[in-house]
Amino acid sequence: MADDLLQAPAWKALQRHASALSGTHLRDLLDQPGRFDAFSRRHGSCLLDFSRNRLTTDTLELLVALAAERELPRRIEALFAGEVVNATENRPAQHMALRGPASPPLVVNGADIRVDVEAERERMLALAEAIRSGEFRGSTGARIRHVVNIGIGGSDLGLVMACEALREFCTRDVAVHFISNVDGTQLADVLGSVPAAETLFIVCSKTFVTWETALNANAARTWLLGQLGEEAVARHFVAVSVNAPAMDQFGIAEALRFRLWDWVGGRYSLWSSIGLAIAISIGSEHFRELLAGARGLDEHFRTAPLGDNLPVLLGLIAVWNQNLQGTTSQAILPYDARLHRFPAYLQQLEMESNGKGVTRDGRPVRWGTGTVIWGEPGNNAQHSFFQLLHQGTASFAADFIAPVEGSSPYADQHLVGLANLLAQAEAFARGYTLEAARAELVAKGRTPDEVARLAPHKVHPGNHPSNVLLLRRLDPRSLGLLIALYEQKVFVQACIWGINPFDQWG
Ligand code: F6P
């Protein structure tokens with residue numbers, strides 16, 4: 001394979017194709033019959049409607065050809081086989097093993113990692129259940145009612161996001177709190193509101209040397225010690241890390257330590273014991289469902305043909321929009337308020353993974369790589385920044401995400417939300433022409449002068465690409481699917497760009 005993306009025959013063909021398509025407005029494409037059938041795919045309970053991107057069947061064929069030229073199938077195989085896909089850190093990337101089955105064996109560095117993963121998962125889920133049932137008690141014998149996760153980045157974002165998204169499934173018996181920021185405010189708010197005897201801290205840090213986490217964990221330790229004495233530390237602190245000496249030094253009891261492995265990147269780690277706060281919140285059975293949803297997506301990614309493969313399509317479309325259609329950022333717009341931390345979670349996943357300026361072998365790239373990811377729950381966003389998206393000059397792509405069935409008793413309101421999602425996706429694509437604006441003003445009885453003066457202000461250029469991702473319901477299984485979908489999408493983009501999404505030297 002020529003390592004130079006710009007020299008790939010399919011890339012050159014895509015450039016020619018993009019310029020041939022440049023005069024075509026999305027509204028013209030959308031008016032073609034059969035558009036939805038041709039440009040939507042399903043996996044399990046997830047539907048990806050990518051019909052509102054500026055692409056045709058030719059585009060799709062060329063993108064799939066590009067994926068083949070960039071050896072995507074071989075790279076997917078290497079990823080799942082546990083090969084060293086993260087060459088700069090000399091490691092495989094095996095987050096899939098964390099949600100995978102216990103067999104067949106997966107040998108990494110001479111050992112079957114599935115055995116270790118399974119054992120650690122069972123220990124972690126047993127502790128989660130013991131906390132939920134009240135069997136695990138604090139040093140005074142009091143029941144644990146508050147769990148405080150101390151961690152940052154990958155040791156925080158996915159956990160907060162999942163606990164918020166799965167609020168419907170969270171226990172009311174144990175409240176879960178998160179402290180990530182070093183500024184002391186979260187620490188003050190949480191420590192000011194929880195009784196020490198009923199509080200368990202989880203220090204989540206792959207390295208255990210992240211200074212924000214160390215500072216916050218030490219402050220929490222001092223606070224606990226002041227209230228319950230030194231001997232309480234061993235009962236009130238759990239840790240998840242690869243760094244055993246640092247856990248020794250902190251005073252973490254042997255039974256309350258959970259292992260992590262260097263082949264899991266922090267931003268891919270919520271499936272491991274790093275997810276303990278999620279497991280405490282939703283329970284072990286729902287945590288297993290979360291893993292099962294991701295596992296199903298992995299299987300789909302590994303086996304589905306490229307043109308029917310959801311993460312492959314999402315990744316290829318993102319490359320098409322960014323590198324060949326000129327979009328400069330990616331909006332993530334969930335139409336379910338419980339997904340409000342999903343954009344922040346994706347920011348780390350995508351921007352830390354693909355925020356790279358050199359190829360796998362260290363040469364500067366001559367093409368755009370990871371883009372800026374941002375977003376908010378869509379309905380709120382309509383009343384804040386959608387003005388700029390509809391009528392401003394920014395060039396962006398958007399992912400609309402929603403469960404078809406709402407999880408609140410207000411089914412009608414959920415339907416209104418869904419209707420808004422579809423209307424906004426249509427409006428981004430079709431826009432609102434000057435002719436339509438004039439006709440509207442005439443119909444409203446405005447004078448010819450007013451029509452001429454006001455019509456330009458009502459124009460929406462449209463032509464903005466978007467995907468609509470629908471899940472049947474927001475539950476542990478579909479959330480697992482959704483997260484894994486984006487994880488693998490990031491991998492697809494990295495393969496096309498020829499960069500390493502798993503290292504992090506910044
Ligand atoms: O600075 C970024 C980072 O290294 C992330 O990759 C990671 O998720 C986060 O810090 C926290 O790291 P740790 O889990 O080792 O404390």
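Predicted model: local features only at pLDDT ≥ 70, side-chain atom pairs only at ≥ 80, totals over all residues.
Visitor: Noted. Where is the place of T369?

Guide: T369 sits in a loop, the one that runs between α16 and β11 (372-375).

Visitor: And what separates the C-alpha atoms of T369 and L389?

Guide: A distance of 22 Å, with the two residues 20 positions apart along the chain. For another such pair, take P456 and E435: they are 21 residues apart in sequence, and their C-alpha atoms are 9.6 Å from each other.

Visitor: Where is P456 found?

Guide: In the loop that connects α21 (448-454) with β13 (466-473). P456 has 47% relative accessibility, so it counts as partly exposed.

Visitor: Okay, contacts. What lies 2.6 Å from an oxygen atom of the ligand?

Guide: A polar side-chain atom of T207 does. S205 also has a side-chain N or O atom at 2.6 Å from a ligand oxygen. With K206 the backbone is involved: one of its N or O atoms there is 2.8 Å from an oxygen of the ligand.

Visitor: How much of the ligand does the protein bury?

Guide: The protein buries 76% of the 400 Å² that the ligand exposes when taken alone.

Visitor: Switching to charges. How many salt bridges does a search of the whole structure find?

Guide: The search turns up 32. One of them joins the side chains of D31 and R430, at 3.0 Å from N to O. D31 is in the loop between α2 (26-30) and α3 (35-38), while R430 belongs to helix α19 (residues 411-430), so this pair ties together parts that are 399 residues apart in sequence.

Visitor: Is D31 buried or exposed?

Guide: Exposed, since its relative accessibility is 52%. R430 comes out at 25%, so it counts as partly exposed.

Visitor: Which residue forms a salt bridge with E350?

Guide: K489, and the closest N and O atoms are 2.9 Å apart. This pair also links distant parts of the chain: E350 is in helix α16 (residues 342-354) and K489 in helix α22 (residues 476-497), 139 residues apart.

Visitor: Which residues do salt bridges that share partners join into one network?

Guide: D31, D49, R52, E426 and R430 are joined that way. The D31 and R430 pair we talked about is in that group.

Visitor: Backbone now. What is phi of N90 near?

Guide: It is near 55 degrees, a positive value in a residue other than glycine. N90 lies in the loop between α5 (72-80) and α6 (95-99), and it counts as exposed because its relative accessibility is 61%.

Visitor: What about phi of N463?

Guide: Phi of N463 is positive too, near 70 degrees, and again the residue isn't glycine. N463 is in the loop between α21 and β13, and its 18% relative accessibility means it counts as buried.

Visitor: Last topic, the surface. Which residues form a nonpolar patch?

Guide: V182, W211 and L215, which together have about 320 Å² of accessible area. L215 is part of helix α10 (residues 211-228) and counts as exposed because it has 51% relative accessibility.

Methods:
Residues numbered from 1 in each chain as written. Heavy atoms only, no water. Patch = residues over 30% accessible without salt bridge, like charges linked within 9 Å, V, L, I, M, F, W, Y side chains within 5 Å. Areas by Shrake-Rupley, 256 points an atom, 1.4 Å probe, with all protein chains shown as cover. Salt bridge = Lys/Arg side-chain N within 4 Å of Asp/Glu carboxyl O. Helix = DSSP H or I, 4+ residues; strand = E, 2+ residues; numbered from the N terminus. Buried < 20%, exposed > 50% of the residue type's maximum accessible area, 1.4 Å probe, protein only. Polar contact = N/O pair within 3.5 Å; in protein donor to acceptor, adjacent residues only side chain to side chain.
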